[in-house]
Amino acid sequence: MDSREIIARRIAKEFKNGMVANLGFGMPTMAANYLPEGISMTLQTENGALRFGATPKIGESDPDVANAGGAPITLLPGASTFEMDLSFAIIRGGHVDITALGALEVDQEGNIANWKIPGAFAPGMGGAMDLLVGAKRVVAALNHTDKKGNSKVLKKCTLPLSAAKCVDLIITDKAVIEVTDKGLLLKEVGPGLTVEEVVNCTYADLIISSDVKEMDI
C-alpha cells in the first residue's frame with residue numbers, strides 16, 4: 001500500500017453518518033473509494049455536484065461528470081449537479097461538515113499552505129480559502145516529508161498561507177495529528193512506525209497522546 005492510499009483510507013475513517021463532506025483534488029478525492037460501510041453521507045465537489053461515489057471503472061465514466069480535479073466520478077442515486085455559484089453558496093453558507101484538502105505545509109498553529117511555491121507556476125488558490133473558513137471541520141492531507149526527507153509538518157509555515165489557524169486534523173502517511181489549543185497532539189502513527197520515528201521526522205513540536213495507536217486503515 002503506497003502513501004497516497006494510506007492517507008486516502010485514513011481520511012475516509014473521519015466520515016460519519018449524515019455528514020456533508022468535500023474532498024479537495026489529489027489524495028483527498030481518493031477517499032471516495034474507501035467510504036465506510038453502512039455510512040449514509042453526501043460527498044460534495046466544489047465544481048457543482050452532490051452525492052457522488054467511487055471512481056468509475058475504465059470505460060464506464062461519463063465525460064461530463066468530474067470532481068474538482070477533473071477526474072471522473074460516479075453519481076449515486078439522488079445526486080444533483082448545478083452551477084458553481086450554488087456550490088460555493090453551500091460552502092460559504094456553512095453547510096459542509098468536513099473538508100479534506102491537500103497541503104504543501106502545515107504548522108503547529110493550524111496554519112496551512114496549499115496553493116503556491118514562490119517562483120513556480122500556480123494556477124490559483126481555487127476553492128481552498130472558501131473551504132478552509134467555510135467548512136465546520138478541516139482535515140489537511142499530505143505526505144509527512146518531501147522527497148529529501150524534510151518535514152512538511154512545521155513549527156511555522158514558510159510558504160504563502162491559504163488560511164490561518166483553521167486546520168483541525170493533520171493526516172499524513174506517517175501520523176494522525178490533532179491541532180489543539182496547546183499544540184499538536186500525536187494520536188496515531190503510520191503502519192509499522194514507532195512514536196520515536198515520527199517525532200524524529202517532524203519539525204513541529206508534538207504532544208504525545210497517552211494512548212497512541214497504529215493508524216486504522
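Which residue just after α3 takes a positive phi? Gly94 does, with a phi of about 80 degrees.

## Basis

This is a predicted model, in which local features need pLDDT of at least 70, side-chain atom pairs count only at pLDDT 80 or more, and totals for chains, interfaces and linings use all residues. Residues are numbered from 1 along each chain as its sequence is written, and side-chain values use heavy atoms, with hydrogens and water left out.

## The chain as a whole

The protein chain has five helices and 13 strands (DSSP runs numbered from the N terminus: H or I of at least four residues for helices, E of at least two for strands). Its radius of gyration is 17 Å, close to the 17 Å from the globule rule for 217 residues, so the chain is as compact as a globular protein of that length. That radius is taken over C-alpha atoms, and the rule is 2.2 Å times the number of residues to the power 0.38.

Of the 217 residues, 46% count as buried (under 20% relative accessible area, with exposed over 50% and partly exposed in between; 1.4 Å probe, protein chains only).

## Helix α3

Helix α3 covers residues 84–92, and Ser87, Phe88, Ile90 and Ile91 are buried in it. These residues lie on the same side of α3 because they cover an arc of only 150 degrees around the axis, taken from the directions from the helix axis to the C-beta atoms. On the other side, Asp85 and Arg92 are exposed.

The cover over the buried residues of α3 includes β1 (20–23), β2 (42–45), β3 (49–52) and α4 (128–134).

Terms used. Contact means heavy atoms within 4.5 Å.
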